[in-house]
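Biologist: Hello! Could you show me how to read the backbone of a protein model, one feature at a time?

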Amino acid sequence: MAERDADLVILGGGSGGYACALRAAELGLSVTLVEQDKLGGTCLHYGCIPTKALLHAAEVADAARDGDAIGVKSSLAGIDMAGVNSYKDGVVARLYKGLQGLVSSRGITYVEGSGRFVAPNAVEVDGQRITGRHVVLATGSYPRSLPGLDIGGRIVTSEQALTLDEVPERVVVLGGGVIGAEFASVWRSFGADVTIVEALPHLVPSEDEFCSKLLERAFRKRRIMFKTGVKLTGAQQGERGVSVGLDSGEQLDADLLLVAVGRGPNTAGHGYEEAGVTLDRGFVVTDDRLRTNLPDVHAVGDIVPGLQLAHRGFAQGIFVAEDIAGLAPPPIDEAGIPRVTYCEPEVASVGLTEAAARERYGEVHTLTYDLAGNGKSQILRTSGAVKLVKAGAEGVTGPVVGVHMVGARVGELIGEAQLIYNWDATAEDVAALIHAHPTQTEALGEAHLALAGKPLHAHG
Ligand SMILES: Cc1cc2nc3c(=O)[nH]c(=O)nc-3n(C[C@H](O)[C@H](O)[C@H](O)COP(=O)(O)OP(=O)(O)OC[C@H]3O[C@@H](n4cnc5c(N)ncnc54)[C@H](O)[C@@H]3O)c2cc1C
């Protein structure tokens, strides 16, 4: 049995694992990265990138269909899924190649194979023991289903949904969270009849209710059907379709059922429990420095309870590398991680919801700025709004602790919004900054002008 020694052995080469590897190598540490499938993980191959390529194709389809409304003679002749898939796969392939080059150029030892965590300083791959001073667990997540709902045939998860060779005519999307809302949006733009079934009272239920309500209004306008507060009782599939039963007594017939009820931590079968790693409902329990209960064993990404987002994985991977290298980085504030749902219209937020802010600060003041007053949003023909949540009562200066936005392309505004939250900016700080006209970033600027008591393009 061969043995290799490294400063760091990382199990899993997704967003969390590879970011940790790249930063550790940059800091002069020797790194072995173990990956059983493809470097880049879920985000690059089955998540963020392919879904956003589909969403861009959907946006182009909408533009072609709606061109007449702005005097551009156009129509949508159809969706060629082979063409869409080849565009999507091309984007993924280019990024994959780039990432492989990056990892090899940083001198990281890349081991292909399924790794098993066998001791606090060791991982075993195909009978080979790889030892390191530190081990980072980064095995990611998998799509969950519900008891009795077997994935296969017409019942799919996001993974199969990314490789469809035709657009389904009727789809039921189980789950109105980020992944469900994004696929519903794509399929509607591609011409499908879509119904979302969500057990909680609202779509995108983890967002501020303001965002959920605006999204629901926009989806209604797009004729994306949704049923909230309703649970699935079962699904039967046959040659011609799938029949979905609901606890409201209704039955929905469709060509496809997408199960998008969340993602579970991929922590079973890799030796974690046997080696003594403390788990909670399958997630790896860590402290705020991402240390597990075992000495010199860290965990990053989707296996750590919290937001399951690629950029959180990147940030945690970088954090752990820097911590191990002795740079003592400050812990990550989970609320400061930007969140974007890339459906049409987009939902973007950072910081606390109004409800969470009230719980933390007692008194809060909120302000809503309607995109109707924003020139660029009117040019894009989008509706929506920006909502700010400020700590403290009206008229009292306090930091903006939540920014919540709905509208086409508002995901691009989250860069500024996250600076506002993470730098504890006040309305007055932001109101003093000049926003280029006509951009959608002006909506953020104007919202802060209004919050600072000097509204410009705002009625009422
Ligand atoms: C449809 C979809 C859309 C998404 N869209 C977005 C988005 O727009 N923005 C965003 O921020 N996030 C998005 N996400 C979430 C994002 O993909 C994840 O948060 C991110 O990939 C988590 O990174 P990770 O490193 O924890 O895990 P992963 O990326 O899942 O990587 C884990 C890696 O570990 C490997 N592995 C597992 N077990 C072993 C083993 N025993 N040995 C060796 N290797 C192993 C796996 O093969 C995998 O490559 C999306 C996810 C999905 C499913």
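Modeller: Gladly! Helices (H or I, at least four residues) and strands (E, at least two) are DSSP runs, numbered from the N terminus. This is a predicted model: local features need pLDDT of at least 70, side-chain atom pairs count only at pLDDT 80 or more, and totals for chains, interfaces and linings use all residues. Residues are numbered from 1 along each chain as its sequence is written.

Biologist: Where is Arg-223 found?

Modeller: Arg-223 sits in the loop between α7 (209-221) and β11 (225-228).

Biologist: And what should I look for in its backbone?

Modeller: Most residues other than glycine have a negative phi, and most peptide bonds are trans. Arg-223 is not a glycine, yet it has a positive phi of about 60°.

Biologist: Is Arg-223 buried or exposed?

Modeller: A residue is buried if 20 or more other C-beta atoms lie within 10 Å of its own, exposed if 12 or fewer, and partly exposed in between, with C-beta atoms placed from the backbone. Arg-223 has 9 such atoms within 10 Å, so it is exposed.

Biologist: What about Asp-296?

Modeller: Asp-296 is also a residue other than glycine with a positive phi, near 60°. Its place is the loop between β18 (283-284) and β19 (297-299). Asp-296 counts as partly exposed because it has 15 C-beta neighbours inside 10 Å.

Biologist: Which peptide bonds are cis?

Modeller: Among them is the bond from Glu-344 to Pro-345, with omega near 0°. Pro-345 lies in the loop between β20 (339-341) and β21 (346-351). The bond from His-437 to Pro-438 is cis too, with omega near -5°.
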